[in-house]
Amino acid sequence: MSRERATALLVDFDGVLRHWDPAVAARVEREYGLSEGVLGEIAMSWGLLQPVLTGKVSHAEWMTSVADALTPSVGDPGRARAAVQAWQRYRGEVDPDVLAFIREVRAAGVRVGLGTNATDVLDADLAALDLTDELDVVVNSSVIGVHKPAKEYFQAACEALGTPPARVLFVDDEDRSVAGARVAGLSAHRWSGPADLRYLRAALAY
């Protein structure tokens, strides 16, 4: 039996709608005499990352933890904090092709949600990137207390969209999240770049 056509779209933020230029972190690391990739390595360590993605700690507390972990490498807490602050000033860049696609499908009457594992600075980031009015709903893991790829996350996202899982198309750049969405009953596509937009247009009922 063929699957129902999707009538709502759920899009991941980092890696799909927002991209990060790795040169920014590399420049900060060179300036502060840090090893290449150490900022992201520390920040993304699961012990520090999981609590902030579920709202147990704030973004500011997370960054304090990163600076604390970085201190032995730079030998001075103040210098470690300065490095983290310099790194955090950059808030990424919007993918123009994905944004144009979101505008296109919304204009056609398709509800679009942002489905992201994020911290409590997400709203500020959306405002800084002029995205606040570009989405119908925002489903932030740190607000609902559960992160992708948990089934409960996708259930909450579908409720926010007011659309049953079978009619939601989810787009993410991580295999685990795509697999989790499928377990939860959504259609899901592993994002690899703007060439995927042709398929996504065909998958949506508009």
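Are Tyr-153 and Phe-154 buried or exposed? Select the two residues: Tyr-153 is buried, and Phe-154 is buried as well. Buried stands for under 20% relative accessible area, exposed for over 50%, and partly exposed for values in between, with a 1.4 Å probe and protein chains only.

The model on screen is predicted: local features need pLDDT of at least 70, side-chain atom pairs count only at pLDDT 80 or more, and totals for chains, interfaces and linings use all residues. Residues are numbered from 1 along each chain as its sequence is written, and side-chain values use heavy atoms, with hydrogens and water left out.

**Aromatic cluster**

Keep Tyr-153 and Phe-154 selected and display their rings. They form an edge-to-face aromatic pair, with 5.4 Å centre to centre and 85° between the planes. Rings of Phe, Tyr and Trp (its six-membered ring) pair if their centres lie within 6.5 Å; planes under 30 degrees apart count as stacked, over 60 as edge-to-face and the rest as tilted.

Helices (H or I, at least four residues) and strands (E, at least two) are DSSP runs, numbered from the N terminus. Phe-154 has 0% relative accessibility, and the relative accessible area of Phe-170 is 0%. Tyr-153, Phe-154 and Phe-170 form one aromatic cluster. Over the whole structure, a search finds three aromatic pairs.

**Sheet and packed helices**

Next, switch to a cartoon view and select the strands of the sheet. Five strands form an open, parallel sheet in the order E5-E4-E1-E6-E7; two strands pair if DSSP finds at least two bridges between them. At the edges are strand E5 (137–140) and strand E7 (187–190), each pairing on one side only. From one strand to the next, the twist averages 20°.

Zoom in on E6 and E7, which run parallel and are joined by four bridges. Leu-169 stands opposite Ser-187 in E7.

Now show H9 again. This helix packs on the sheet, touching strand E1 (8–11), strand E4 (111–116), E5 and E6, and its direction makes about 155° with that of E4. Contact requires heavy atoms within 4.5 Å. Helix H10 (residues 175–183) lies across E6 and E7, at about 170° to E7. Axes are lines fitted to C-alpha atoms, for helices over the stretch in contact, and angles run from 0 to 180 degrees between N-to-C directions.

**Ser-142**

Select Ser-142, which is in helix H8 (residues 141–144). Ser-142 is buried, with a relative accessible area of 13%. Beyond its neighbours within four places in sequence, its contacts include Val-52, Leu-53, Gly-55 and Asp-120. The side chain of Ser-142 reaches the backbone oxygen of Thr-119 at 3.5 Å. A polar contact is a pair of N or O atoms within 3.5 Å; within protein, one must be able to donate a hydrogen and the other to accept it, and residues adjacent in sequence count only if both atoms are side-chain atoms.

**Arg-18**

Finally, select Arg-18 in strand E2 (residues 18–19). Arg-18 is buried at a relative accessible area of 5%. Its side chain makes a polar contact of 2.6 Å with that of Asp-14, and a polar atom of the Arg-18 side chain lies 3.3 Å from the backbone oxygen of Arg-91.
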